[in-house]
Amino acid sequence: MNEIRRGTLQTETFYEQVGGEETFTRLVRRFYEGVAEDPELRAMYPEEDLGPAEERLRLFLIQYWGGPTTYSERRGHPRLRMRHAPFTVDRAAHDAWLRHMRAAVDDLGLSEEHEHTLWSYLTYAAASMVNTADPE
Ligand code: HEM
């Protein structure tokens, strides 16, 4: 539809392909519903209101996938590993985070290819956020 503009071939970003802002809003809302109902994971989030954390993750993912760069305008460079350093991200936290994200991704009803792309990134990113090893 909007692939051809001014005579040049422009490819849509992943953000556009999966439905833009609405899709990421739904993803992150569903994810945080899961967090809210998971006492162990919920306890990691310092703020009483999960709304601001939801908005940060939402804006980050929108920016990462080629949407507006509001995240960096508000928060600067993502430096996600550094931002997670104050939290104990161990195997259990990693698994819980991905479990809620999996449910949220499933609810989107994306095409198989888009779902695979998104899920590959999320599992890779979650693994790279682990900063606390389990005892031997
Ligand atoms: C592996 C398990 C993970 C755990 C347990 C975890 C936990 C947390 C916690 C407790 C916060 C602070 C909440 C806040 O105040 O914003 C946070 C922030 C954040 N997380 Fe994670 N996270 C995980 C993985 C990820 C992954 C994989 C991503 C990206 C794909 C991500 C993106 C973010 C972002 C963007 C923020 C807000 C950063 C900021 O601007 O301050 N997290 N995370």
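A word on the model. This one is predicted, so local features need pLDDT of at least 70 and side-chain atom pairs count only at pLDDT 80 or more, while totals for chains, interfaces and linings use all residues. Residues are numbered from 1 along each chain as its sequence is written, and side-chain values use heavy atoms, with hydrogens and water left out.

Now the overall layout. The chain has eight helices and two strands, where helices (H or I, at least four residues) and strands (E, at least two) are DSSP runs numbered from the N terminus. Starting at the N terminus, the order is β-β-α-α-α-α-α-α-α-α. Along the principal axes, the C-alpha atoms fill a box of roughly 60 × 30 × 30 Å.

On to the ligand. The iron atom of the ligand has a single protein donor, NE2 of His-84, 2.0 Å away; donors here are N, O and S atoms within 2.8 Å of the metal (3.2 Å for Na, K and Ca), and water is not among the atoms, so sites may look incomplete. His-84 belongs to helix H6.

A polar contact means a pair of N or O atoms within 3.5 Å. His-84 also has a side-chain N or O atom 2.8 Å from a ligand nitrogen, and Arg-56 places a polar side-chain atom 2.8 Å from a ligand oxygen.

Around the ligand there are 20 residues, the closest being Arg-56, Tyr-71, Arg-75, His-84 and Trp-97; "near" means a heavy atom within 4 Å. By class, that shell holds 15 nonpolar, two polar and three charged residues.

And where does the ligand sit? In the largest pocket, meaning that more than half of its atoms lie within 2 Å of the pocket's grid points. A pocket, on a 1 Å grid with a 1.4 Å probe, is an open set with protein on both sides within 12 Å along at least five of seven lines, and lining residues have an atom within 4 Å of a point. The largest pocket has about 760 Å³ of space and 30 lining residues.

Definitions and conventions:
Points joined across faces, edges and corners; volume = space filled by probe spheres on them. Polar contact = N/O pair within 3.5 Å; in protein donor to acceptor, adjacent residues only side chain to side chain. Nonpolar A, V, L, I, M, F, W, Y, C, P; charged D, E, K, R; others polar.
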